[in-house]
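Dear colleague,

Please find below the structure that I am handing over to you. My notes on its pockets, cavity and helix contacts follow.

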Amino acid sequence: MEELIAEYGRYLVVEKGVSLNTHKGYLSDLNKFKLFLKEQKVSSFDSVTKEQIKLYIEVLREKVESITVNRNLVSIRNFYNFLLLEQRVKENPCETIVNPKINKKIPTVLSLEEVLSLLEIIDEDLYGKRDKAMLTLMYSCGLRVSELVNLKINDLFLQEALIKCKGKGSKERVIPINEYAITILLSYINDSRKKMLVEKKSASYLFLNKNGNQLSRVYFWKMVKKYAVKAKIKKEIYPHTLRHSFATHLLENGANLRIIQTLLGHENITTTQVYTHISSASLQENYQRYHQKIHKIKK
């Protein structure tokens, strides 16, 4: 894989005559993509699927802005066009993937009933307690997925009903946690986590996999999808959906936009203002639904 990237780098310089910065940017994007593939146990570019690239896009969206996600997808697509030209692959898995829109799209949010159905569908077994704790904590505190999987035991201050997390740019923030989430979290810590704790190197992390290692963002992405299907939720759900739902429900219940900005760790309040649009859209949707019910009653 490294050799193909290096070969592509030479092609960009010799055949395309790209600038040093463009060359550096393309190769940086591809090397990050290569690391992701290795995490997924993919050993060659010709075996990469469209679904794996879409998953990579979702992982990127947790860490960077949409414009950067776009650039990465362009880098991967152009690389595969080169591999096609050189007959190293049979098809470009990016061909039908649409670039994420740069303009702000109103995110999907769950209703309170959908959030509850998502949590209630989870079995109370060894791994179910962990999964429920993760979903509950993300919804209750509005965490990013990267913040959730990187939480450590010493980031919890449950007696004070607070948790500490490290967001974008390694900026720390302290977030309140409600009593219900604390109960679910303690059930996982006191039961399931003790049985998973087999690797000393991961002992500091809160959420562990079956091998006792730190849980990955990819696992969380797949987990959310699995439980959404099981709960028969029709909406297109992504890991960030619970974070969006947290913010929207706060706003709908009278929370100040500045408070929500602080809880989410947004540097600029314009980022937070998207939730005012979500709330307005939700209001319109509810109005139309209940207005139709009134008409049915009259008939």
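By class, how many nonpolar, polar and charged residues does the lining of the second largest pocket have? The lining has 11 nonpolar, eight polar and eight charged residues, where Ala, Val, Leu, Ile, Met, Phe, Trp, Tyr, Cys and Pro count as nonpolar, Asp, Glu, Lys and Arg as charged, and the others, Gly among them, as polar.

Please note that this is a predicted model, in which local features need pLDDT of at least 70 and side-chain atom pairs count only at pLDDT 80 or more, while totals for chains, interfaces and linings use all residues. Residues are numbered from 1 along each chain as its sequence is written, and side-chain values use heavy atoms, without hydrogens and water.

The second largest pocket holds about 680 Å³ of space. It is lined by 27 residues, of which Glu-39, Gln-40, Ser-216, Arg-217 and Val-218 are the closest to its centre. Two or more lining residues come from each of helix H2 (20-39), helix H3 (50-61), helix H4 (66-85), helix H6 (126-141) and helix H9 (217-230). Helices are DSSP runs (H or I, at least four residues), numbered from the N terminus. On a 1 Å grid over the protein atoms alone, a pocket is an open set of points with protein on both sides within 12 Å along at least five of seven lines, a cavity is a set where a 1.4 Å probe fits but cannot get out, and lining residues have an atom within 4 Å of a point. Grid points are joined across faces, edges and corners, and a volume is the space filled by probe spheres set on the points.

One cavity of 30 Å³ or more was found in the whole structure. The largest cavity has a volume of about 40 Å³ and is lined by Glu-58, Val-59, Glu-62, Val-145, Arg-217, Trp-221 and Pro-239. H3 and H9 each supply at least two of the lining residues.

Turning to helix packing, helix H1 (residues 2-16) and H4 pack at about 95 degrees with axes 11 Å apart; axes are lines fitted to C-alpha atoms over the stretch in contact, with angles from 0 to 180 degrees between N-to-C directions. H1 is therefore roughly perpendicular to H4 (65 to 115 degrees). Their contact (heavy atoms within 4.5 Å) includes Tyr-8 and Tyr-11 of H1 and Phe-79 and Phe-82 of H4.

Yours sincerely

Methods: Parallel < 35°, antiparallel > 145°, perpendicular 65-115°, else oblique.
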